[in-house]
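Hello,

Here is the structure we talked about handing over. My notes on it follow below.

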Amino acid sequence: MIDYCQTVTAQIIITGCFWTNSKKEIIILKTALKQRVKYVPIDWIAKRDDVYPHIGEMIEDTKGKQYPLTSEFVLTHPNDKGMYLIAEAIYKVINN
């Protein structure tokens with residue numbers, strides 16, 4: 001995939017895993033180094049308590065309609081703050 005992307009742009013950034021997985025992280029990091037592309041670790045974000053939604057929290061569907069969160073599956077995914085921190089980490093690398 002990196003090879004293909006490099007046919008379009010030289011500015012490629014790879015993020016690590018949000019959920020800690022050392023085997024995957026090592027592969028991603030080694031690939032970034034080998035391909036000489038920028039790498040952004042983001043697993044540190046998942047270790048924070050304030051980046052996950054909670055049952056009953058109001059969220060929006062794709063049309064902007066709010067409803068209370070009831071699915072436990074969604075609880076493992078980052079909330080708006082978590083997504084902001086991921087974006088911020090990537091943005092810092094873009095600006096350097």
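**Notes on the model**

Of the 96 residues in the protein chain, 26% are buried, where buried means under 20% relative accessible area, exposed means over 50%, and partly exposed lies in between (1.4 Å probe, protein chains only). Please keep in mind that this is a predicted model, in which local features need pLDDT of at least 70, side-chain atom pairs count only at pLDDT 80 or more, and totals for chains, interfaces and linings use all residues. Residues are numbered from 1 along each chain as its sequence is written, and side-chain values use heavy atoms, with hydrogens and water left out.

The protein chain has four helices and four strands; helices are DSSP runs of H or I with at least four residues, strands are runs of E with at least two, and both are numbered from the N terminus. Read from the N terminus, the order is α-β-α-β-α-β-β-α. The radius of gyration is 16 Å, well over the 12 Å that the globule rule gives for 96 residues, so the protein chain is more spread out than a compact globule. That radius is taken over C-alpha atoms, and the rule is 2.2 Å times the number of residues to the power 0.38. Along the principal axes, the C-alpha atoms fill a box of roughly 45 × 30 × 25 Å.

Contact means heavy atoms within 4.5 Å. Among the contacts with a separation of 6 or more, 55% are between residues 24 or more positions apart.

Now to the aromatic rings. A pair of aromatic rings is described by the distance of the centres and the angle of the planes. Rings of Phe, Tyr and Trp (its six-membered ring) pair if their centres lie within 6.5 Å; planes under 30 degrees apart count as stacked, over 60 as edge-to-face and the rest as tilted.

How many aromatic pairs does a search of the whole structure find? It finds two. In one, the ring centres of F18 and W19 are 5.3 Å apart and the planes are at 85°, so this pair is edge-to-face. F18 is buried at 8% relative accessible area, while W19 is partly exposed at 43%. F18 also pairs edge-to-face with Y52, at 6.1 Å centre to centre and 65° between the planes. F18 lies in the loop between strand 1 (13-15) and helix 2 (22-35), and Y52 in the loop between helix 3 (43-46) and strand 3 (58-60), so the pair ties together parts that are 34 residues apart in sequence. Y52, like F18, is buried. F18, W19 and Y52 form one aromatic cluster.

Regards
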